[in-house]
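Here is a short briefing on one protein chain. Look over the sequence and the fold before reading on.

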Amino acid sequence: MNIMLEVSGSWSHFGGAIGAGLAAIGAGIGIGQIGKGATEAIARQPEAANDIRGAMILTAAFVEGVALFAVIAGLLAVLS
């Protein structure tokens, strides 16, 4: 019985680490796409740069918040 608990515990560590890494990668890709879209939008309509920049910062903050939550959940899986 103890062997089964040790094996299942190691898999949860592995899964938590993979989950935290994927969350960080996903956040990086998401923020890159937000920046790309904002840059293209500002290039098309320079007079709306302030509005676009504000929306970009708000959206990036939401992505970072979700990614931070996912990384912490992954790390809690590793530590438990």
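Which residues form a nonpolar patch on the surface? Trp 11, Phe 14, Ile 18, Leu 22, Ile 25 and Ile 29 do, with about 680 Å² of accessible area together. This is a predicted model: local features need pLDDT of at least 70, side-chain atom pairs count only at pLDDT 80 or more, and totals for chains, interfaces and linings use all residues. Residues are numbered from 1 along each chain as its sequence is written, and side-chain values use heavy atoms, without hydrogens and water.

**Overall**
- The protein chain has two helices and zero strands (DSSP runs: H or I of at least four residues for helices, E of at least two for strands, numbered from the N terminus).
- Of its 80 residues, 15% are buried (under 20% relative accessible area; exposed is over 50%, partly exposed in between; 1.4 Å probe, protein chains only).
- Among contacts with a separation of 6 or more, 76% join residues 24 or more positions apart (contact: heavy atoms within 4.5 Å).

- Patch members have over 30% relative accessible area and no salt bridge; nonpolar side chains are joined within 5 Å, like charges within 9 Å.
- A salt bridge puts a side-chain nitrogen of Lys or Arg within 4 Å of a carboxyl oxygen of Asp or Glu.
- Ile 25 sits in helix H1 (residues 2-44).
- Its relative accessible area is 52%, so Ile 25 is exposed.

**Val 71**
- Val 71 belongs to helix H2 (residues 49-79).
- Val 71 is partly exposed because its relative accessibility is 23%.
- Leaving out residues up to four places away in sequence, Val 71 touches Ala 20, Ala 23 and Ala 24.
- Gly 16 is 55 residues from Val 71 in sequence, yet 8.6 Å away in space, C-alpha to C-alpha.

Notes:
Accessible areas come from the Shrake-Rupley method with a 1.4 Å probe; for residues, only the protein chains shown count as cover.
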